[in-house]
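Please look at the sequence and the structure before reading on.

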Amino acid sequence: MFKNKPLIVFEMANNHMGDMGHALRMIDTFGKYVNEYPEFDFFFKFQFRDIPTFIHPDFLDRMDIKYVKRFSDTWLSKDQFTILIDQVRSMGMMVMITPFDERSVELAKELDVDIVKV
């Protein structure tokens, strides 16, 4: 799968701000340079969080807590991640994810990501 080349990882994290258009523009912006540098392997890295299991139920509605609000506002569904991952692969990049809970590990398996970073 990997070509024994140095890896370059583009980190999405929550930088998409929960906006699919913005996320796709980020992928497209970086992806258009991949073919110019064949000496590298390129990955796009996402963070998976299943909000109902990642955030304790007592805090799910606590938007006054900075990280609860940020993670809730930027949560993406499986269907949305599928679209993003398809776009990454269509641009010639591979997919790396960091799962933050058990359900996210299962999602990574379902979406057949290339690398899981723990």
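How much space lies in the largest pocket? The largest pocket holds about 150 Å³. The model is predicted, so that local features need pLDDT of at least 70 and side-chain atom pairs count only at pLDDT 80 or more, while totals for chains, interfaces and linings use all residues. Residues are numbered from 1 along each chain as its sequence is written, and side-chain values use heavy atoms, with hydrogens and water left out.

**Largest pocket**
- On a 1 Å grid over the protein atoms alone, a pocket is an open set of points with protein on both sides within 12 Å along at least five of seven lines, whereas a cavity is a set where a 1.4 Å probe fits but cannot get out; lining residues have an atom within 4 Å of a point.
- Helix α5 (residues 102-110) contributes the most to this pocket's lining, namely five residues.
- The pocket lining comprises four nonpolar, two polar and six charged residues.

**Largest cavity**
- The whole structure contains one cavity of 30 Å³ or more.
- About 80 Å³ of space lies in the largest cavity, a volume being the space filled by probe spheres set on the grid points.
- Among the residues that line the cavity are N14, H16, F71 and F81.

**Strand pairing**
- Strands β1 (residues 7-11) and β2 (residues 41-48) run parallel and are joined by five bridges; two strands pair if DSSP finds at least two bridges between them.
- From β1 the chain passes through helix α1 (residues 20-31) to β2 in a right-handed β-α-β crossover, meaning that the path runs clockwise with the strands pointing away from the viewer.

Conventions. Helix = DSSP H or I, 4+ residues; strand = E, 2+ residues; numbered from the N terminus. Nonpolar A, V, L, I, M, F, W, Y, C, P; charged D, E, K, R; others polar.
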